[in-house]
Amino acid sequence: MDLKNTRFYGSKSEQILNQQVVAEIPVGSSSWQIIEVDHGNVDLYQVLVSDDVDVLNTDRGAQTYLEHLHDFGEISGDMSGDIAVPLGADQSNTSLVVDQRWILKVFRKLEEGLNPDVELLSEISDCPHVAGVRGHITRDGRTLAMMQQLITGGRDGFQLALDPGLEDEETLGAAIRTVHEDLAKKFRTTEVPGAHIRDSLNNHLDEILQQTDALSAFEDTLRDIYARIPDDAVEIQRIHGDLHLGQTLLADRWYLIDFEGEPARPLEQRRLPDHPLRDVAGMVRSFGYAEAMGGRADVDKLLAGYGIERDPILDAYIADKAAYEVVYEANNRPDWVEIPLTAIRELS
């Protein structure tokens, strides 16, 4: 099958050098497969194929996957169900609604180790601002899928900001703080000097400067922003890792979803502890995009709800996120590159 035409394939800009099926199980009129793709690096993808097309995000494919879960790997917890239908938003992973009570999230790109979405949410299932995990399935040390609580009536935070405008920024900030506190309790914290944060951000800048020329004129500005981080010791911990308004749902309360971390980073990096203000900075930048697109979202209220004011560490993480966005926009939406560049200028 042609992976480049799928929504979930993550290396569309690179030539596929070789592609082969490394695991295959016939399931009804379809075939469940793991495909190994060499595009300079080697990745594994999970698909459900019929007539050389992935059909997981169809009614028939969703039901087939649910009925044959036990054939694909080792199940931990409870992943039983009778009826599965696609959620409809087929992105880097595919989510299926099971019995109108659960979400079966199928991970498309497979990596060695327990997926952070499963790892973190399994430990903080009692947190009121996350959807608890019911069960998951692994094969050869890789996480294939997980089943978690369905948040009924949830509205996407980014769409809310664009449509009526956010009115619950403070409660969103408080929800993020609660999730961070619960993660800190379950996974503990580590104390590091401020230089650790500075070095990490400078190393990330070294990487992304090689990916676009759009940042070259801002290198000194960014390093100056990072240099403002004091030497005082700070606590780092497990965090969401890729937090933005699109990773939130507002139902009876705010929920944070998709705890996999930043998709461009390898899994071992996404599992490392980091400063919780990285998540806050991601949300600040998401507010910036919402406003640039005509939406309404108040950063000051968000920070008040979280219980923090602007400080050098938060500014440094905002700058880091904006720099990453410059690379993305330069490669995908050049007309949008001024949105993150403006944020960097405002921090200088």
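Predicted model: local features only at pLDDT ≥ 70, side-chain atom pairs only at ≥ 80, totals over all residues.

Visitor: How far apart are the closest N and O atoms of Glu219 and Arg223?

Guide: Both residues lie in helix α7, four residues apart, about one turn of the helix. (Helices are DSSP runs of H or I, at least four residues, and strands are runs of E, at least two, numbered from the N terminus.) An α-helix has 3.6 residues a turn, so residues three or four places apart point the same way. Glu219 and Arg223 form a salt bridge, and their closest N and O atoms are 3.0 Å apart.

Visitor: Are Arg285 and Glu325 buried or exposed?

Guide: They form a salt bridge at 2.9 Å between the closest N and O atoms. The pair links distant parts of the chain, with Arg285 in helix α9 and Glu325 in helix α11 (residues 312–332), 40 residues apart. Buried means under 20% relative accessible area, exposed over 50%, and partly exposed in between (1.4 Å probe, protein chains only). By that rule, both Arg285 and Glu325 are buried.

Visitor: How many residues of α9 are buried?

Guide: Helix α9 covers residues 277–292, 16 residues in total. From first C-alpha to last it reaches 22 Å, close to the 22 Å expected at 1.5 Å a residue; that expected span is 1.5 Å times one less than the number of residues. The helix is mostly covered, and its buried count is 13 of 16.

Visitor: Which residue forms a salt bridge with Arg142?

Guide: Arg142 sits in strand β11 (residues 142–149), and its partner is 30 residues away, in the loop between β9 (109–110) and α3 (116–123). Arg142 counts as partly exposed because its relative accessibility is 22%. The closest N and O atoms are 3.6 Å apart, and the partner is Glu112.

Visitor: How many salt bridges does a search of the whole structure find?

Guide: Some join up: Lys105, Asp117, Asp258 and Glu260 are linked in a network of salt bridges. For the whole structure, the search finds 23.

Technical notes. Residues numbered from 1 in each chain as written. Heavy atoms only, no water. Salt bridge = Lys/Arg side-chain N within 4 Å of Asp/Glu carboxyl O.
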